[in-house]
Amino acid sequence: MKKQPSNWIEGMAMELKSKRYKYNMKDPLQELLTITMEECGELIQACSKAIRCEEYYNNEKLIEEIGDVQCMIDLIRQYDLVSLEEINNRIDIKEKKLKF
């Protein structure tokens, strides 16, 4: 019987490990960033479809892909590639540019 993750981060870590064989990558950071790129691509597709179909609210695919990308960002933080402070600084800059 396959072990069930106790939380979503553990689930994504298990998914990362299961994809390691598929990609045959030895460097976990290369693997982490490669999967992050793939998840970002899937989010791009979900955004495009939401616009095309005018399904902006309660869009399950959009929610799923945003969650996957957020998970990858959290894993990038756990690997200390970026800090929460660095992310928050960048968020402030972007919000000022967008006038939010």
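In the protein, 46% of the contacts with a separation of 6 or more are between residues 24 or more positions apart, a contact meaning heavy atoms within 4.5 Å. The model is predicted, so local features need pLDDT of at least 70 and side-chain atom pairs count only at pLDDT 80 or more, while totals for chains, interfaces and linings use all residues. Residues are numbered from 1 along each chain as its sequence is written, and side-chain values use heavy atoms, with hydrogens and water left out.

The protein contains four helices and zero strands, and its pattern along the sequence is α-α-α-α. Helices (H or I, at least four residues) and strands (E, at least two) are DSSP runs, numbered from the N terminus. Of the 100 residues, 23% count as buried. Buried means under 20% relative accessible area, exposed over 50% and partly exposed in between, with a 1.4 Å probe and protein chains only.

The pairing of H2 (residues 28-53) with H3 (residues 60-78) was examined in detail. The axes of the two helices come within 9 Å and cross at roughly 155°. H2 is therefore roughly antiparallel to H3. Axes are lines fitted to C-alpha atoms, for helices over the stretch in contact, and angles run from 0 to 180 degrees between N-to-C directions. Angles under 35 degrees count as roughly parallel, over 145 as roughly antiparallel, 65 to 115 as roughly perpendicular and the rest as oblique. The crossing of H2 and H3 is left-handed, a term that applies if the near helix is turned anticlockwise from the far one by less than a right angle, with clockwise giving right-handed.

On the H2 side, the contact is formed by Leu32, Leu33, Ile35, Thr36, Glu39, Cys40, Glu42, Leu43, Ala46 and Cys47. Their counterparts in H3 are Lys61, Leu62, Glu65, Ile66, Asp68, Val69, Met72, Leu75 and Ile76. By class, the residues of this contact comprise 13 nonpolar, one polar and five charged. Here Ala, Val, Leu, Ile, Met, Phe, Trp, Tyr, Cys and Pro count as nonpolar, Asp, Glu, Lys and Arg as charged, and the others, Gly among them, as polar.

Thr36, in helix H2, is buried because its relative accessibility is 12%. With neighbours within four places in sequence left aside, Thr36 is in contact with Met72 and Ile76. Lys49, also a residue of H2, is partly exposed, with a relative accessible area of 47%. Lys49 and Leu62 are separated by 13 residues in sequence and by 8.9 Å in space, C-alpha to C-alpha.

Glu54 counts as exposed because its relative accessible area is 63%. Asn58, likewise in the loop between H2 and H3, has a positive phi near 55° and is also a residue other than glycine. The relative accessible area of Asn58 is 73%, so this residue is exposed.

The structure holds zero disulfides, with a pair of cysteine sulfur atoms within 2.5 Å as the criterion. Cys47 is partly exposed at 33% relative accessibility, and Cys53 is partly exposed at 36%.
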